[in-house]
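Try each task before you read its solution.

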Amino acid sequence: MNEIVTATERAIGLLISGDPGLWAIIGISFSVSLRAILIATPFALAVALLLTLGHFYGRRLLIAVFNASMAVPAVVVGLSIYLLLSRSGPFGDLKLLFTQSAMVIGQILLAFPLLVAMAHSALQAAERSAWETALTLGARPWRALFTLMYEVRFALIAAIIAGFARIIAEVGCSMMVGGNILNYTRNITTAIALETSKGEFAQGIALGLVLLALALTLNLLLNLMQGKGELA
Amino acid sequence: MSYSRRRLFEVELFVFEPGTCTLLSGRNGAGKTTLLKIAAGLLKPDRAIVRIEGRDFTWRAARPFLRHRVIYLHQFPYMFNTSVAKNIAYGLRQLRIPRAETKARVSQALEWSGLEELAERDARTLSGGEKQRVALARARVLSPDVLLLDESLSGLDPEARQQTYFLIRRMVSEQVAVVVATHDYELLRQLGDRHLILTDAGHLEDRSPKTTAAPSSHARAPNISPPRRRGQ
Ligand SMILES: Nc1ncnc2c1ncn2[C@@H]1O[C@H](COP(=O)(O)OP(=O)(O)OP(=O)(O)O)[C@@H](O)[C@H]1O
Ligand SMILES: [Mg+2]
């Protein structure tokens, strides 16, 4: 018990003193996850729009597939990418395994189904009549699309926050394809796993607190956005 | 027009006469909504010829014109998630009309529809009847050639109905060709100059009380002769 208390005290000390090693790890987490969400969002929005407004064969099946793939565990995504990127794999020549790029790719794949599914349900809530109203009032199709997204902007922002919250807290995939290399691919979650296994509780607890604060903040924001969507 | 091979209707000729209010009736599922959406350029027919100022176009070629000059009003109008005034300004903004002129035209429309008091209200919080009036003002501000109302008058209280009738009559007197889809024969007495029925067999029949059918020579009205297709 005493050990935990002193470790926590040291953890808070690390955070307050601005320990450079600690903040480098936090920086890597943000850098990787922000890149992943920035790349994934436009494509996911395009797919969600297509699923909402398109009339094509297999649309329903595709929606079901995206919904189902939200449940794919991060380690399984990590395993797949590992196999693809490993030296004997089909993309081995790219030498991407154990790089930040590999982590970004993994997190894109993790966020994508969630983004598509949430954006799709947000857009559907706006009803077809929103789209038709914009068109009949003379909006060009591109403008009408923009109007449609603007109408459900809070729900779309909520989707992005939820996606970000998922990937920044994810550990399985980053561990497998990033390799947990100090100052390069060691992020918050993989650092916690490592430090704890080494018995270095202070740094683990410090990072855990950061992650916890982040998760709570993101969820608060998420609820705020969803509340705004409803009020409309 | 047909949905998944189920033949819906085969209309020979659907003429839009300026300054005339046409009632369109027909059983539930006869295809009134479908027909109106085709005429507004919102729904692709199997086959249709659109005649504008004596020239024939394919539906696809006529679509931009239809979307600009024909306005379709949903039974429950969609209100953009913003103020009443901004809802009315939506179409003008698409035309890139200068701010000052937009403002003037919006306040004129607000006055015309008796909505001045509600100008800054969140349009989503209005009552059904008020939304109808916003939708009419939002359409009129664009001075369309044709206005298509889809059962817009069902579910309104007597006073709201009278107000809406009055606004519709004013647009008719401004040489707009108005079509109202409805089951309500009371409307016919009060509003309709012409009465068309979309029959179960899928034809459009003229049931006007006394056909004063001096063929209209107003050239601006598009004559739409939608969907013809052999049933399967
Ligand atoms: N997207 C669609 N796919 C398949 N069938 C459709 C679609 N839209 C409409 N239908 C069918 O086409 C028929 C005509 O529909 P429509 O809405 O045009 O009828 P309506 O005359 O407006 O009916 P109501 O009086 O109930 O408003 C209905 O049987 C309807 O179920
Ligand atoms: Mg209908």
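**Exercise 1. Polar contacts of ligand 1**

Task: In this predicted model, find how far a polar side-chain atom of B:Thr34 lies from an oxygen atom of ligand 1.

Solution: 
- Start at B:Thr34: the distance from a polar atom of its side chain to a ligand 1 oxygen is 2.5 Å.
- Move on to B:Lys32, where an N or O atom of the side chain is 2.6 Å from an oxygen atom of ligand 1.
- Then take B:Glu151, whose side chain has an N or O atom 3.0 Å from an oxygen of ligand 1.
- With a cut-off of 3.5 Å for a pair of N or O atoms, these count as polar contacts.
- As for cover, ligand 1 on its own has 640 Å² of accessible area, and the protein covers 60% of this.

**Exercise 2. The shell around ligand 1**

Task: Work out which element gives the largest share of the shell around ligand 1, and sort the shell by class.

Solution: 
- There are 13 residues around the ligand, and those that come nearest are B:Gly29, B:Gly31, B:Lys32, B:Thr33 and B:Thr34.
- Helix 1 of chain B (residues 32-39) provides the largest share, with three residues.
- Sorted by class, the shell holds six polar, four charged and three nonpolar residues.

**Exercise 3. Salt bridges within chain B**

Task: Trace the salt bridges of B:Glu17 and B:Asp193, and say which parts of the chain they link.

Solution: 
- B:Glu17 pairs with B:Arg194, and their closest N and O atoms are 3.4 Å apart.
- B:Glu17 sits in the loop between strand 3 (14-15) and strand 4 (21-25), while B:Arg194 is in strand 10 (residues 194-198), so the pair ties together parts of chain B that are 177 residues apart in sequence.
- B:Arg194 is buried, at a relative accessible area of 12%.
- B:Asp193 forms a salt bridge with B:Arg169, at 3.8 Å from N to O.
- Here the link runs from the loop between helix 7 (185-190) and strand 10 of chain B to helix 6 (residues 158-173) of chain B, with the two residues 24 apart.
- B:Asp193 is partly exposed at 37% relative accessibility, and B:Arg169 is partly exposed at 30%.
- Over all chains, the count of salt bridges is 11.

**Exercise 4. A nonpolar patch on chain A**

Task: Locate the elements of chain A that give two or more residues to the nonpolar patch.

Solution: 
- Begin with the members: A:Ile12, A:Ile16, A:Leu209, A:Leu212 and A:Leu216 make a surface patch of about 500 Å².
- The elements are helix 1 (2-17) and helix 11 (201-231) of chain A, and helix 11 gives the largest share, three residues.
- A:Leu216, in helix 11, is exposed because its relative accessible area is 57%.
- For the setting, chain A has 11 helices and zero strands, and 46% of its 232 residues are buried.

Terms used. Residues numbered from 1 in each chain as written. Chains lettered and ligands numbered in written order. Predicted model: local features only at pLDDT ≥ 70, side-chain atom pairs only at ≥ 80, totals over all residues. Heavy atoms only, no water. Near = heavy atom within 4 Å. Polar contact = N/O pair within 3.5 Å; in protein donor to acceptor, adjacent residues only side chain to side chain. Areas by Shrake-Rupley, 256 points an atom, 1.4 Å probe, with all protein chains shown as cover. Helix = DSSP H or I, 4+ residues; strand = E, 2+ residues; numbered from the N terminus. Nonpolar A, V, L, I, M, F, W, Y, C, P; charged D, E, K, R; others polar. Patch = residues over 30% accessible without salt bridge, like charges linked within 9 Å, V, L, I, M, F, W, Y side chains within 5 Å. Salt bridge = Lys/Arg side-chain N within 4 Å of Asp/Glu carboxyl O. Buried < 20%, exposed > 50% of the residue type's maximum accessible area, 1.4 Å probe, protein only.
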